[in-house]
Amino acid sequence: MVTTNQHKAELSSLPAHTKLMPLRYKAVWEPAKVKAELLKHYPAKVARKRAKQIMINEALGNETPEILANVRTTPGIITMRGCTYAGCKGVIMGPTRDIVNLVHGPIGCSFYAWLTRRNQTDAGTDGENYMTYCFSTDMQDSDIIFGGEKKLTAAIQEAYDLFHPRSIAIFATCPVGLIGDDIHTVAKRMKEKFGDCNVYAFSCEGYKGVSQSAGHHIANNQVFRHIVGENNEVKPGKYKINLLGEYNIGGDGFEIDRIFKRCGITNIATFSGNSTYDQFASAHTADLNAVMCHRSINYVADMLETKYGIPWIKVNFIGADATAKSLRKIAKYFGDQELIDKVEAVISAEMPVVLAARTDVRTRTAGKTAMMFVGGSRAHHYQELFSEMGMKTISAGYEFAHRDDYEGRQVIPTLEVDADSRNIEELHVDPDPTRFAPRKTPAEFKALEEAGYKFKHYDGLIPDMDKGTLVIDDLNQYEAEKLVELLKPDIFCAGIKEKYSIQKLGVPMKQLHSYDSGGPYAGFKGAINFYQEIDRLVNSKVWSYMKAPWQTNPELSAAYVWE
Ligand code: CFM
């Protein structure tokens with residue numbers, strides 16, 4: 001690692017004009033020192049806790065040591081996490097396009113959720129599109145003092161009169177839980193009153209869990225309780241699946257649907273990118289659940305299996321090779337030669353263009369380094385795309401994942417249930433007396449499994465990362481800057497809260513939540529988009545020209561924190 005003095009010496013030996021450039025630390029790969037450096041300024045107790053969340057990867061497959069995850073952030077630390085309301089309303093329900101999502105709370109909670117996640121929608125053949133409008137009860141001080149139920153009732157009525165939706169979903173924000181508005185009773189009364197509109201509520205107050213993750217679980221429970229199974233009509237299609245955990249950020253879902261269509265696979269319901277009420281209501285008629293982001297939606301996958309007998313598998317459409325692998329996995333499940341051949345034909349037709357783009361960018365991207373810190377799946381999934389470009393992920397982690405996302409699903413039985421996770425309801429689900437139907441015979445399942453086919457399984461991020469890389473849970477603002485300063489990756493991926501502080505360090509930054517203004521990055525066409533965008537970012541000269549104001553204005557006196 002370069003010390004400040006060494007660095008100053010380096011600087012003084014540089015020609016005068018280059019001294020104005022931002023400091024470019026030469027990355028020396030000593031993970032233990034980097035870890036020590038990250039912890040150095042914390043009070044002892046905080047450092048002890050963070051030490052368990054910063055792991056130097058041993059890359060021992062699934063025998064990797066435990067990482068501390070899904071625990072509260074120490075107050076005072078500027079976490080990258082969001083709140084439970086964000087996970088419920090923003091992540092799971094936000095992308096639905098014909099459910100009126102009504103936020104009961106102060107307007108700020110809605111403003112934050114107002115089209116910022118870039119979950120795209122189209123009009124669909126049903127013409128049910130509302131786009132993802134933003135509805136709020138705009139709670140005021142007086143509502144908090146005297147109660148907000150009347151205002152909520154009036155808002156539901158107004159939304160119904162204006163839009164006549166099939167469904168209205170109500171979301172609790174922090175003050176609603178604190179004052180005790182009974183949103184569930186209000187929802188029930190309005191549902192009975194309307195007769196033709198399903199109204200239900202989510203107790204997803206922001207403080208309810210340690211992160212967004214609690215909000216996913218709350219959303220999954222209510223979607224399953226109030227919507228799934230409401231429409232028994234049998235949809236046409238030979239190979240029917242649901243795509244779970246795909247939210248159509250930047251049009252990812254559109255690209256995946258394009259590929260499914262080409263293969264002859266019918267997507268009954270996406271949870272929840274560009275989805276409709278009816279898709280959720282019909283989800284139990286599919287024959288397979290393909291789960292993309294298991295972190296956010298595994299609860300629905302498990303409940304669909306228990307109640308209706310639909311098995312689930314893990315898929316990943318981030319990365320062209322991963323896309324091909326996932327399509328083959330789906331085809332293998334159905335086991336029909338016609339589908340297997342079709343999938344192979346589609347892969348052969350799509351891959352040449354992808355490979356041409358990959359070969360081209362690799363001449364400029366191979367050997368470069370990346371860091372990525374995203375919510376619960378992408379910090380893992382996107383490593384596929386980077387490795388297709390010959391880029392190495394030197395540090396990665398999740399905001400709110402659980403240990404199974406790091407270590408693999410097999411650790412679930414060993415997960416500690418603490419007071420925070422106990423706070424979230426576990427739905428008890430039984431097989432449906434009339435609609436439960438196993439999708440294959442026990443012998444067929446056995447044959448698949450014996451051939452190496454894995455149901456209900458996903459690997460963790462840790463075994464997929466190299467030895468000596470840094471895996472960090474719940475990274476914070478301070479550590480993010482420190483990491484970049486010490487290791488100068490060629491690209492850093494995270495979200496809007498990190499974007500500008502990282503760019504100010506002279507390192508390109510890509511938002512992997514909203515994709516900035518880009519996307520899709522899923523599927524075959526998405527991979528090409530990603531290769532080309534990352535190539536432009538990591539090879540742009542602009543970052544080395546960045547100057548802090550005091551470097552160009554002699555009247556200003558300031559220094560970088562590390563100077
Ligand atoms: Fe799943 Fe997501 Fe993610 Fe997620 Fe999210 Fe997202 Fe994410 Mo932002 S559902 S866990 S809560 S893949 S909004 S589409 S990018 S943190 S890594």
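What covers the buried residues of helix H2? The cover includes helix H3 (44–53), strand E1 (54–56), strand E12 (470–472) and helix H21 (477–487). On the H2 side (residues 31–39), the buried residues are Pro31, Val34, Lys35, Glu37, Leu38 and Leu39. Buried here means under 20% relative accessible area, with exposed over 50% and partly exposed in between (1.4 Å probe, protein chains only). Helices (H or I, at least four residues) and strands (E, at least two) are DSSP runs, numbered from the N terminus.

A word on the model itself: it is predicted, so local features need pLDDT of at least 70 and side-chain atom pairs count only at pLDDT 80 or more, while totals for chains, interfaces and linings use all residues. Residues are numbered from 1 along each chain as its sequence is written, and side-chain values use heavy atoms, with hydrogens and water left out.

Turning to the ligand, 15 residues surround it, and the closest are Arg117, His216, Cys293, Gly375 and His513. A residue counts as near if one of its heavy atoms lies within 4 Å. By type, this shell splits into 7 nonpolar, 6 polar and 2 charged residues. Here Ala, Val, Leu, Ile, Met, Phe, Trp, Tyr, Cys and Pro count as nonpolar, Asp, Glu, Lys and Arg as charged, and the others, Gly among them, as polar.

The largest nonpolar core holds 113 residues, and Phe202, Phe271, Phe317 and Ile330 touch the most other members. Such a core is a set of buried Ala, Val, Leu, Ile, Met, Phe, Trp, Tyr and Cys residues joined through side-chain atoms within 4.5 Å. Apart from this core lies another, of 26 residues, among them Tyr42, Leu470, Leu487 and Val507. Leaving aside neighbours within four places in sequence, the contacts of Phe202 (heavy atoms within 4.5 Å) include Cys88, Met93, Phe171, Ile218 and Val223.

Next, the cysteines. A search of the whole structure turns up 0 disulfides (pairs of cysteine sulfur atoms within 2.5 Å).

As for the strands, two count as paired if DSSP finds at least two bridges between them. An open sheet of 4 strands runs in the order E3-E2-E4-E5, with parallel pairing. Its edge strands are E3 (135–136) and E5 (198–202), each pairing on one side only. Strand E2 (residues 99–104) pairs with E3 over 2 bridges in the parallel sense, and Val103 stands opposite Ser136 in E3. Elsewhere, strand E6 (residues 239–246) has 8 of its 8 residues buried, so the rest of the structure largely encloses it. E6 pairs with strand E7 (residues 265–272) in the parallel sense over 7 bridges, with Lys240 opposite Thr266 in E7.

Helix H13 (residues 294–308) is mostly covered, with 11 of its 15 residues buried, including His294, Arg295, Tyr299 and Leu304. Gly309 follows H13 and has a positive phi, near 85 degrees. In helix H14 (residues 320–334) sits Ser326, which is buried at 5% relative accessible area. Not counting residues up to four places away in sequence, Ser326 touches Val315, Asn316 and Phe317. The C-alpha atoms of Ser326 and Asp161, 165 residues apart along the chain, are separated by 44 Å.
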